[in-house]
Amino acid sequence: MAAAGLRAFATRGPGWRWRGRWAPLSAGVCSRSEPGARPTSARQRDGIRNIVLSDPKKRNALSLAMLKSLQTDLLHEAESKDLRVIIISAEGPVFSSGHDLKELTDERSPDYHAEVFQTCSEVMMLIQNHPVPIIAMVNGLATAAGCQLVASCDIAVASDKSSFATPGVNIGLFCSTPGVALGRAVPRKVALEMLFTGEPISAQEALLHGLLSKVVPAEQLEEETMRIARKIASLSRRVVSLGKAAFYRQLPQDLRTAYHLTSQTMVDNVALQDGQEGIKAFIQKRKPMWSQ
């Protein structure tokens, strides 16, 4: 199911294909031949891909260019067995301020505005449909579509100085699309207070309400995020990918249907080479040797 979803995202035309050449370095890190040419940067090592929003002067606004660049970094060799987990972080004191409002004035056409919001929605859905877990590493402010990005990730780790808001209502632009991800991450009344007032919540409040997985001191943020990423990277990619897809597939279902779907997933999991390897390794009291 995840592979089919990615194929759909990857066939949107020229704007959806990988742009920019990645060259492997001796340490196993990937980089681009023209650093700074795109508003995101990415490198990969030991199965962990780090994608960085790299436009701090514009508060890492999710412009159309930023969204397409992020999309490209997510799609690049997404099905490769060498990719196990993705971390999304940002340069500067603002994780992301949301959409670039200069792109949303009447100087641009309604078709352009539609492309911005459609691309943003597709990036958020891509995160859920991606075959590997995606972690948001947040150190600073995440507002509007930036908050939406955090809410869309599978795991979110933030520093204790981070804060989150959907303040569009204050400028006459209700955060309707951020509300989709926010309303699925936190209780309805919390989401609606954030959407109706635009007031920010602290990292601790975000943790309490389920927007975040963990809050740590800023100096421990990278260490804790990498600890989680390395743990995921050490596991069977096939098993984790199967589990992620099943988790999201069962969420909107009624209880009986959810158990039916996940019971079949368990049967499929047991039939996997890695499923059998893990069971046998446990019985034999040894470390499993995963196929991927």
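Strand S8 (residues 141-143) and strand S10 (residues 163-165) run parallel and are joined by three bridges. Strands here are DSSP runs of E with at least two residues, helices are runs of H or I with at least four, and both are numbered from the N terminus; two strands pair if DSSP finds at least two bridges between them. Leu 141 has Ser 163 in S10 as its bridge partner. Helix H4 packs on this sheet, touching S6, S8 and S10, and its direction makes about 100° with that of S8. Contact means heavy atoms within 4.5 Å, while angles run from 0 to 180 degrees between N-to-C directions, with axes fitted to C-alpha atoms, for helices over the stretch in contact.

This is a predicted model, where local features need pLDDT of at least 70 and side-chain atom pairs pLDDT 80 or more, while totals for chains, interfaces and linings use all residues. Residues are numbered from 1 along each chain as its sequence is written, and side-chain values use heavy atoms, leaving out hydrogens and water.

The sheet that holds S8 and S10 is open, with four strands in the order S6-S8-S10-S11 and mixed pairing. Strand S6 (94-96) and strand S11 (201-202) each have a single partner strand, so one side of each has no neighbour in the sheet.

A second open sheet has six strands, ordered S3-S4-S5-S7-S9-S12, again with mixed pairing. Its edges are strand S3 (40-45) and strand S12 (214-216), each pairing on one side only. On average, neighbouring strands of this sheet are turned by 20° against each other, direction ignored. S3 runs antiparallel to strand S4 (residues 48-53), with six bridges between them, and Gln 44 stands opposite Arg 49 in S4.

Back to the helices: in helix H5 (residues 176-185), Pro 178, Gly 179, Ala 181 and Leu 182 are buried, that is, under 20% relative accessible area with a 1.4 Å probe, counting protein chains only. The buried residues of H5 pack against helix H4 (145-152) and helix H6 (188-197). Overall, the protein chain has eleven helices and twelve strands, and 48% of its 292 residues count as buried.

A cavity is a set of points on a 1 Å grid over the protein atoms alone where a 1.4 Å probe fits but cannot get out, and lining residues have an atom within 4 Å of a point; points are joined across faces, edges and corners, and the volume is the space filled by probe spheres set on them. Helix H9 (residues 237-250) gives the largest share of the lining, three residues. Among the lining residues are Arg 84, Pro 131 and Ile 232.

Methods: Buried means under 20% relative accessible area, exposed over 50%, partly exposed in between (1.4 Å probe, protein chains only). On a 1 Å grid over the protein atoms alone, a cavity is a set of points where a 1.4 Å probe fits but cannot get out, and a pocket is an open set with protein on both sides within 12 Å along at least five of seven lines; lining residues have an atom within 4 Å of a point.
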